[in-house]
Amino acid sequence: FEAVVADIKLPGMNGISLLDNIRRIKPDLPVIVMTGHSSIGSAIEAMKLGAQDYLTKPFRDGTQLANSIWKSAEHYKLTLKNKLLQHRLEQSEETFRTLFHNASDAIFLHRPDGKGNISTFSEVNDIACLRLKYSRKQLFSMTLSDITAEDHREDMLRIIGALPKKEHVTFETIHVTKNGK
């Protein structure tokens, strides 16, 4: 089902109890509550429990219920798609983290400010810490200039300066370890 339409008055159960039960089983499923005996209290209760819509009978015309069902079903489809995309994004991020931290090369991430200025590292992998003999926390307070050999800084700064014109850049440089080697 993509939407449930329930009257407040049902045999053996009222529509508010049905709504409450549906919320426990399928929290995202849209429920449209309708009644011929509306009250502010039942409308507030239905909306607090997550009713997608609250309609009073008799309907003004045949389109009111149809529009409510269509909008509720579309909202439900978008909610499900959003959850699927969030799940895929989480999986993709986990894959990236695994590849990043298990890479055999040192990787340093930083976000230039768009003007070519170098910022501190936003992420470093385990190999970077191991090879340079800095802790992750120490590297997070450093910039690429801090770990680049002095005779390579000019080239590195020129490459970083070109970043605002590109989406990304990959380059190699010689780094200096904590003990200066």
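**Entry 1: salt bridges.** I searched the whole structure, a predicted model, and found nine salt bridges. I picked out a few to look up one by one.

Asp-7 pairs with Lys-57, and their closest N and O atoms are 2.4 Å apart. Since Asp-7 sits in strand 1 (residues 4-7) and Lys-57 in the loop between strand 5 and helix 3, this bridge ties together parts that are 50 residues apart in sequence. Buried or exposed, I wondered about Asp-7? Asp-7 is buried, at 15% relative accessible area, because the cut-off for buried is under 20%. Lys-57 is partly exposed, at 32%.

Next I looked at Asp-28 and Lys-83, which form a salt bridge with closest N and O atoms 2.4 Å apart. This pair also links distant parts of the chain: Asp-28 is in the loop between helix 1 (15-25) and strand 4, and Lys-83 is in helix 3, 55 residues apart. I noted both partners as partly exposed, Asp-28 at 28% and Lys-83 at 44%.

Then came a local pair: Asp-155 bridges to Arg-158, the closest N and O atoms being 3.6 Å apart. Both lie in helix 7, three residues apart, about one turn of the helix. That spacing made sense to me, because residues three or four places apart in an α-helix point the same way. Asp-155 is partly exposed at 40%, while Arg-158 is exposed at 55%. I also jotted down that salt bridges with shared partners join Glu-2, Glu-74 and Lys-77 into one network.

**Entry 2: helix 3.** I checked the length of helix 3 (residues 63-102). Its 40 residues should span 58 Å at 1.5 Å a residue, and the end C-alpha atoms are 58 Å apart, so the two agree. Which residues of helix 3 are buried? I listed Gln-64, Ser-68, Ser-72, Ala-73, Tyr-76, Thr-79 and Phe-100. Their cover includes strand 4 (31-35), strand 5 (53-56), strand 6 (108-110) and strand 7 (121-124).

**Entry 3: the whole protein.** I counted seven helices and seven strands, in the order β-β-β-α-β-α-β-α-β-β-α-α-α-α. The radius of gyration is 29 Å, well over the 16 Å from the globule rule for 181 residues, so the protein is more spread out than a compact globule. Its C-alpha atoms fill a box of roughly 85 × 30 × 25 Å along the principal axes. Buried residues make up 29% of the 181.

**Entry 4: confidence.** Mean pLDDT is 88, with 91% of residues at 70 or more.

Definitions and conventions. Residues are numbered from 1 along each chain as its sequence is written. This is a predicted model: local features need pLDDT of at least 70, side-chain atom pairs count only at pLDDT 80 or more; totals for chains, interfaces and linings use all residues. Side-chain values use heavy atoms; hydrogens and water are left out. Helices (H or I, at least four residues) and strands (E, at least two) are DSSP runs, numbered from the N terminus. The expected span of a helix is 1.5 Å times one less than its number of residues. Buried means under 20% relative accessible area, exposed over 50%, partly exposed in between (1.4 Å probe, protein chains only). Contact means heavy atoms within 4.5 Å. pLDDT is the predictor's confidence in each residue, from 0 to 100. The radius of gyration is taken over C-alpha atoms; the globule rule is 2.2 Å times the number of residues to the power 0.38. A salt bridge is a side-chain nitrogen of Lys or Arg within 4 Å of a carboxyl oxygen of Asp or Glu.
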